[in-house]
Amino acid sequence: KKIDIENIPLDDKKTFKLFQAGDCIGVFQLESDGMRRYLKQLKPTELEDIIAMVALYRPGPMQFIPDFIAGKHKKKRIEYLHPKLKPILEPTYNIPLYQEQVMKIVQELASFTLSEADILRKAIGKKIRKLLMAQKEKFIQGAKKNGIEENISQKIWYWIEPFARYSFNKSHSACYALIAYQTAYLKANFPVEFMASLLTSEKADVERIGFLISECKKMGITVL
């Protein structure tokens, strides 16, 4: 049976059932105990959920995972500091998770050009204090021109700055999440072939082989 891995359905029920059960041994990027525990709590229903988890499961933003899960299950009230923030942050439950969102915020609220927004991303990502302070002033002034009061724009800036330090490039996260989804799809739909391939690829690592054989047993697969 030939599988065109680039054209598999991205809404496969079996795959999402696997994610929701945290059954991710052998699944790219999602194998750690912590990640599997969070996936069980999140109960992903779409690829966007996996993209977000890849971006969140890193030192720094991990503290926002419970908030993200609460947002997904509508267990927290979400209030935006300004109405213009809602369309940008609604998909991530008011957490500026991606660099692209931070860039969009300064474009929409303070009329930054795309290249100016990228300078801000660089200043935050590389912690260039002098450059960051210049961007802050530019943001406050730009927001004022757009009718946003200074006390609100100051609040937005101090709220967004720590998030921005941890924000992740969404296109990068999406690439990782797609490979995670592809491996999960194969495990969910072709478990015997998937585990056989996994054992073959790990054959030089005796400890890993033992671990994967015990995973096969849990899956009801006999390893001869």
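Tutor: A residue is called buried when its relative accessible area is under 20%, exposed when that area is over 50%, and partly exposed in between, with a 1.4 Å probe and protein chains only. By this rule W157, with a relative accessible area of 2%, is buried.

The model is a predicted one, in which local features need pLDDT of at least 70 and side-chain atom pairs count only at pLDDT 80 or more, while totals for chains, interfaces and linings use all residues. Residues are numbered from 1 along each chain as its sequence is written, and side-chain values use heavy atoms, leaving out hydrogens and water.

The setting comes first. The protein has 12 helices and zero strands; both kinds of element are DSSP runs numbered from the N terminus, a helix being H or I with at least four residues and a strand being E with at least two. The C-alpha trace spans about 70 × 35 × 30 Å along its principal axes. Of the 224 residues, 44% count as buried. A contact means heavy atoms within 4.5 Å. Among contacts with a separation of 6 or more, 60% are made by residues 24 or more positions apart.

We now turn to the rings. Rings of Phe, Tyr and Trp (its six-membered ring) form a pair if their centres lie within 6.5 Å; planes under 30 degrees apart count as stacked, over 60 as edge-to-face, and the rest as tilted. A search of the whole structure finds seven such pairs. One of them joins F19 and Y181, a tilted pair with 6.3 Å from centre to centre and 45° between the planes. Because F19 belongs to helix α1 (residues 13–20) and Y181 to helix α10, this pair ties together parts that are 162 residues apart in sequence. F19 and Y181 are both buried. F139 and W157 form another tilted pair, at 5.8 Å between centres and with 40° between the planes. F139 is part of helix α8 (residues 129–145) and W157 of helix α9 (residues 150–166), so this pair ties together parts 18 residues apart in sequence. F139 counts as buried because its relative accessibility is 2%. F16, F19 and Y181 make up one aromatic cluster.

Charged groups also lie over rings. A charge sits over a ring if NZ of Lys or CZ of Arg is within 6 Å of the ring centre and within 35 degrees of the ring normal. R37 lies over the face of Y38, 5.2 Å from the ring centre. K138 lies over the face of F112, at 5.8 Å from the ring centre.

Y181 also takes part in a helix packing. Helix α3 (residues 47–56) packs against helix α10 (residues 170–189) at an angle of about 115°, with their axes 8 Å apart. Such axes are lines fitted to C-alpha atoms, for helices over the stretch in contact, and the angles run from 0 to 180 degrees between N-to-C directions. From α3 the residues L47, E48, I50, I51, V54 and A55 take part, and they meet K170, S173, A174, Y176, A177, L178, A180 and Y181 of α10. These residues divide into 11 nonpolar, one polar and two charged. Here Ala, Val, Leu, Ile, Met, Phe, Trp, Tyr, Cys and Pro count as nonpolar, Asp, Glu, Lys and Arg as charged, and the others, Gly among them, as polar.

Helix α4 (residues 65–72) is mostly covered, with six of its eight residues buried. Its buried residues are I65, F68, I69, A70, G71 and K72, and what covers them includes α2 (33–42) and α3. After α4 comes K74, whose phi is positive, near 55°.

Another positive phi, about 50°, is found at K43, which is not a glycine. K43 lies in the loop between α2 and α3 and is partly exposed, with a relative accessible area of 41%.

E215 is found in helix α12 (residues 206–218). E215 counts as buried because its relative accessibility is 6%. Not counting residues up to four places away in sequence, E215 touches D23, I25, K187 and M195.
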